[in-house]
Amino acid sequence: MAQNTLLTHDKFLLGTFATNCGGGMTVSTLPDRWQATWENNLKLGKLLDEAGIDFMLPIARWIGYGGETDFHGYVLETVTWATALLANTRNISVFATVHTVANHPVVIAKQIATMAQMSGNRVGLNIVAGWNKPEYDALGVTLPDDHETRYGYAQEWFDLIKKIWHHDGRFDWDGKYFQAKGVYGNPRPEFDPPIFNAAGSGQGREFASRNANFLFTPAMELDRSAKEVAELKALGESQGRKVDVMTFSHVVCRPTEAEAKAEWERIMGNIDNGAVDNLMRLQFAHAHSFPHELLEQIRERMAAGHGGFPLVGTPEQVADGLCALHAAGFRGTTLSFVDYVQEFPYFRDTVLPLLQQRGIR
């Protein structure tokens, strides 16, 4: 069985984000916005797999953001979702997004090992240390005020998983947050799966540099991003590790620039303002992923694509934007659309060939 291709290929990686969530990444009241049914996810998963897209990444949510649509109130659970997609695809990697506080590490270690065996090591793990206080309230647990505690818990959580994956025989674990007697892993993954983590705080980025293969950060202004990417890679190197940096993008690709801009305006004219307000408030209260000084720009991008870098225009312009992300040092990006199944085929047929011609795919 081969190692996961995300860890062995050097091409610019492309994936999709939040297809398991109602509305996808667009905080919109549009009637044609993404519907996150299993039928739609299965159809999209097969389209992406056949097109050579590298991965699918879900968002784990337990309650939505309110507003008119209760954005992300309808969400397919990510371990179940990823397992089913892996069983119905051949090449694409599929990630399970897992909140450390809501999932016991002994259980997750076995779930991921099972998924690795059934898929030829195509499973990945996206670790969420926690930031969304209303979700903690819904689970009946307390969100620690300090990042040190959140990431201390996450570190021990992942340390226990790694020991289960690598240790021969039984062992006891007596940690600050977890105690286990006679635990062992069987089955174990043949290769460690790729690890994703999104972090904005200093503690979060230290965690990612120690544990993740890919660290996600927003791309706001590319000159600024190039410097940030270099710093994040250097942080990984200081830990003796190679950590690649990824970002998020939202695609509006049409035959003409005028058509693409008109679609962008249609999206912006149908924002679920209540949900955007709640999302912005929570992001800035409990997460450090987005720079506070770019508030107005962030709000527009949050509405259109949950903060993703806008790729708006003709296939050539969208390809230019992806090449610019590549030039800034990003290892890859997620892609989101208002309706993934309807819009991805045009992206596949027009943008992917341009990326291949330009040598980044």
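In which loop does His72 lie? His72 lies in the loop between β2 and α2, where helices (H or I, at least four residues) and strands (E, at least two) are DSSP runs, numbered from the N terminus. The model is predicted: local features need pLDDT of at least 70, side-chain atom pairs count only at pLDDT 80 or more, and totals for chains, interfaces and linings use all residues. Residues are numbered from 1 along each chain as its sequence is written, and side-chain values use heavy atoms, with hydrogens and water left out.

- His72 has a relative accessible area of 1% and is buried; buried means under 20% relative accessible area, exposed over 50%, and partly exposed in between (1.4 Å probe, protein chains only).
- Phi of His72 is near 65°, which is a positive value in a residue other than glycine.
- Asp70 is found in the loop between β2 and α2 as well, and its phi, near 45°, is likewise a positive value in a residue other than glycine.
- Asp70 counts as partly exposed, at 34% relative accessibility.
- Most residues other than glycine have a negative phi, and most peptide bonds are trans.
- Ile63 is a further residue of the loop between β2 and α2, and it counts as partly exposed at 29% relative accessibility.
- Leaving aside residues up to four places away in sequence, Ile63 touches His72, Pro134, Glu135 and Ala138; contact means heavy atoms within 4.5 Å.
- Ile63 and Asp137 are 74 residues apart in sequence, and their C-alpha atoms are 10.0 Å apart in space.

**Helix α2**

- In helix α2 (residues 78-87), the buried residues are Thr78, Val79, Trp81, Ala82, Leu85 and Leu86.
- These residues lie on the same side of α2 because they cover an arc of only 160° around the axis, the arc being that of the directions from the helix axis to the C-beta atoms.
- An α-helix has 3.6 residues a turn, so residues three or four places apart point the same way.
- The exposed residues Thr80 and Ala87 are carried on the face of α2 turned away from its buried side.
- The cover over the buried residues of α2 includes α1 (38-51), β2 (55-57), β3 (93-99), α3 (105-119) and β4 (123-128).

**Helices α3 and α5**

- The axes of α3 and helix α5 (residues 147-166) come within 9 Å and cross at roughly 50°; axes are lines fitted to C-alpha atoms, for helices over the stretch in contact, and angles run from 0 to 180 degrees between N-to-C directions.
- The two helices, α3 and α5, are therefore oblique to each other; angles under 35 degrees count as roughly parallel, over 145 as roughly antiparallel, 65 to 115 as roughly perpendicular and the rest as oblique.
- Pro105, Val106, Ile108, Ala109, Ile112 and Ala113 of α3 make the contact with Trp157, Leu160, Ile161, Ile164 and Trp165 of α5.

- Ser336 is placed in strand β11 (residues 332-336) and counts as buried at 1% relative accessibility.
- Not counting residues up to four places away in sequence, Ser336 touches Phe17, Met25, Ser249, His250, Val251 and Gly305.
- Pro187 is found in the loop between β6 (179-183) and β7 (195-198), and the peptide bond from Asn186 to Pro187 is cis, with omega near 10°.
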